[in-house]
Amino acid sequence: MNFSEVFKQSNQLCKVSPDGKYLATCVQYRLVVRDVNTLQILQLYTCLDQVASMEWSSDSLFILCAMYKRGLVQVWSLEQPDWHCKIDEGSIGLVSSRWSPDGRHILNTTEFHLRVTVWSLCNKSVSYIKYPKACQKGMDFSADGRYMALAERRDCKDYISVFVCDDWHLLRHFETDTQDLAGVEWSPNGCVLAAWDSCLEYKMLLYSLDGRLLSTYSAYEWSLGIKSVAWSPSSQFLAIGSYDEKVRILNHITWKKLTEFEHHPTITNSKAVVFKEVEKRPQMTLCFSFQFDSASHRCLVSDEIPPLPVQVPVVKPDPDRANPKIGISAIAFSVDNRYLATKNDCMPQSVWVWDMQRLGPTAVLEQTAPVRFFAWDPRRPRLALCTGNTKLYLWSPAGCVSVKVPVEGGFQVQSLFWHCSGDSVVLLGKDQLCLCYMTKGHSALVV
Amino acid sequence: MPESSFEDINNIYVSSTMPPSRQYSQSTIPLLPFRHYIGNTEFCTENNTSECMLYISQELLALGFPSIFFDLNGLRELDVISALNSMYGLLQMHRRAVGMLAELEVEQLRVSSDLHCQQLTNSKLKDQLELSKKENLRLCERERQLEANTKALHHCLKNEKEEVQKLQNVIASRASQYNHNLKRKEREFGKLKERLNQLLTDKKDKKQGMDVLNYVGRSDGKRSQWKTGKTDSRHESDMYKALLNEFDKHQRELMIENAELKKVLQQIKQEMVGILSPKRQSGETQKEEKPKEFTDQQIASDEEEENSFKGTSEMSCEHAREQLSNSIRQQWRKLKDHMANLDNKGILKHESPPASLVHLGQGINEEMISKEVHQEEMERLKLEIQQCKDFIHTQQQLLQQQLSTPWDEETAAVLTDCYMLEEKERLKEEWKTFEEQKKNFEMERRTFTEAAIRLGHERKMFEEDRATWLKHQFLNMTFTDQMNLKTQNTLSEYAVQEQKHISSPKTPL
């Protein structure tokens, strides 16, 4: 594992281009584009104000930089550095800005979610979409980029509109049977749209592409409901994480519950391996030129496997506050559909990994600090997570490994994301970033 | 019989109030001795008047009456006046006695009636006591039931309270969530109002617009099309095409899965039929009632089913599906029963088998081992595996140790020879013994050679002596030629012996 130098970034704005060749970072009001392998600066652009949001277009040719305070969006071209494009929303304000899947349209959501303006970079057309809903995930594009689902609310009723991204033609518009629609998400095969209600009511609605209601699922009434949703990459499963600390898996044939994963504070299942990070003084800088020349070993440096039964530390949430810190807040499937990683907010230091073939827990990673972020490798079943300290933790079915980022003065890893090839991880600190390259031939981690 | 005694008493009472004349004429129940009138003829007759008079006077005297006789010159004359007085006294006494008797009788009546009353009240009280005891028991039972009820109700109450608490918690969390949302909306509303005010007061209206150097082409390079009805229908058709593709793909996958599962089921069914049918042959040789299931008819019907099913295996209709699943279920049930029988037989075989099963045991001996033997075998194997694993583990550890410890050259050199050390030591010792033996042999050889040399010398001496002796003899030979010859013979023998003796010590060398 090799670490690159540390570079500056602001606002955790750092994105790798979809083709994997470039790395764009924002430092205050500058946009810096580097080559991913050499990390040399290729382009440097200057925006008019501090950049609040930055995004690559799908063909890796353009980058948009949004400045919400000023209501401005600037688009830069990689091929033609002197090409410029500025979109000014004027007095109507700007709350969010994103690319359309074809990389030629920009969707700006105005302040107070008054409307969504669709700006075209190809022609002079401007489209408006009225009454978008301000919710957790109101807009989603299908994986093939052909359709967009938008949650709308008018006259105290929730609707979903399906647009064809080609020409923004409204394909379907239907009412949903929800109290307060919280989010929509397309399945990876683009044929099913999942829509769920806010946490006050547990309701998951599944619509077909043509707007027919396929199924409704509600696990229980009255208590707080859905907190997080994830589709499996094959569209076979829909995982729903809720406030009752359980993840329920629906299958795509009957849309009924296949199983539920319970996050019990006492782990007695002998098939689950608990990796517990233990504070060791002095801290060792870890060894990544593996001296194991034999086949896969459990590399447990500064991790230990305690004997079962194990108690997972639980933090009781404040019952009087809204959005209590309890329930499954993050779910992610691995790319091969085999594993599911979940995080329960009242066990903030643990990440649970479930085996989808056995439908049971396969590992519980317990860290010394609350887990801030975790992400699966886009190519293989390898999970990277960070807890805000100077270490990067990796889990794979072969074992668990932690690496200290070798930066002087410490590098608090606040967030991370994988390069699309799965060969490197970009670690984001408070105002720094660092790349970690996985060297090939890691016996403990390559699966 | 209180009533009868009461009647008696009544009679007595009645009879006591009757006039004396009648009293004496009737002979009532002979209760009291002095009521009983026997008749005066029996006591006094003409003959014994004086005795009677005497007797009566004695009696009267005994009773305390004055004598009825006055003594006149030794003649006892009846004093009529005192006799009458005595009679009167007696009558008075009698009346008094009767009065007393009546009183006593009354007393007795009263007492007996009291007793009777007491007895009645006693029995009444006993009854009451019984009743009240029963009542008590009933009340106790009722109390117990009520207690059980209250306990159950308490329990229900507790549950309900918990339920209420839970619901209250839910309500509280929902309320806090609603409040949070409300506050958020209010804040947004406030911001909206502010913005509206700002816009109203703001003179210049910043227009929205896009400023771009030049328009770029579409990412797919195609030209954008006009929006017409055709494009709408095209979108629709595209969407349906996508959906249909997905359905097709799905259906194909499901068909493949279905076909595989059907194949598996068929295989299972065939295997089950296969397992069950050979049992039938062994079952016929036994007198067991259990394997009756494997009859000809059954097997025949199974085979028929199979044959008929072969034709329908490709059909995916309801009927075929049901047929297959039903037949599988049937076979499975048969197999289960058979396994249950085997289990029982297995257990029985381990315990002393009854006579009827001995025949069975012989029949299927080789296929069946009792459960216990099987378990023991398993245990033994597991133990063996554990031992092997431990052994491998220790070997691995040692190997690792060996490979991992760093050496310097000396110790390396020493260590590389370590396996040969023992042999070397042994060899050294053997060499030592060998050397010793060699030395010993050398010494012996030397001594022998010395001895041989000495012997040679001695022989020479002896020979010389012999020669001189012979010379002497020969010279001194006279008539004793024969004797000389003899002595010569003996001497020659002796010489031969000597030679032999001399030559023999040489051989060990």
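How many residues lie between β38(A) and β39(A) in the hairpin that they form? The legends below, which describe a predicted model, begin with that hairpin.

**View 1. The hairpin of β38(A) and β39(A).** In this predicted model, β38(A) and β39(A) form a hairpin with 5 residues between them, and A:Gly422, which sits in the turn, has a positive phi of about 80 degrees. The two strands, β38 with residues 415–418 and β39 with residues 424–428, pair in the antiparallel sense over 4 bridges, and the bridge partner of A:Leu416 is A:Leu427 in β39(A). From β38 of chain A, the residues A:Ser415 and A:Phe417 point one way, while A:Leu416 and A:Trp418 point the other way, and all of these are buried.

**View 2. An open sheet of 4 strands in chain A.** The strands follow the order β34-β35-β36-β37, and their pairing is antiparallel. Because β34 (373–376) and β37 (399–404) stand at the edges with a single partner strand each, one side of each is left without a neighbour in the sheet. From one strand to the next, the twist averages 20 degrees. Strand β36 of chain A, which covers residues 391–396, is joined to β37(A) by 6 bridges, and A:Lys391 has A:Lys404 in β37(A) as its bridge partner. Strands of a sheet pair through backbone hydrogen bonds, which may be arranged in a parallel or an antiparallel way.

**View 3. The salt bridge between A:Arg338 and A:Asp355.** The closest N and O atoms of this salt bridge are 3.1 Å apart. A:Arg338 lies in the loop between β30 (328–333) and β31 (339–344) of chain A, whereas A:Asp355 belongs to strand β32 (residues 350–355), so the pair ties together parts that are 17 residues apart in sequence. A:Arg338 is partly exposed, with a relative accessible area of 27%, but A:Asp355 counts as buried at 5% relative accessibility.

**View 4. The salt bridge between B:Glu107 and B:Arg110 in helix α4 of chain B.** The side chains of B:Glu107 and B:Arg110 meet in a salt bridge at 3.2 Å, N to O. Because the two residues are 3 residues apart in helix α4 (residues 80–201), about one helical turn separates them. B:Glu107 is partly exposed, with a relative accessible area of 38%, and B:Arg110 is also partly exposed, with 44%.

Terms used:
Residues are numbered from 1 along each chain as its sequence is written. Chains are lettered from A and ligands numbered from 1 in the order in which they are written. This is a predicted model: local features need pLDDT of at least 70, side-chain atom pairs count only at pLDDT 80 or more; totals for chains, interfaces and linings use all residues. Side-chain values use heavy atoms; hydrogens and water are left out. Two strands pair if DSSP finds at least two bridges between them. Axes are lines fitted to C-alpha atoms, for helices over the stretch in contact, and angles run from 0 to 180 degrees between N-to-C directions. Buried means under 20% relative accessible area, exposed over 50%, partly exposed in between (1.4 Å probe, protein chains only). A salt bridge is a side-chain nitrogen of Lys or Arg within 4 Å of a carboxyl oxygen of Asp or Glu.
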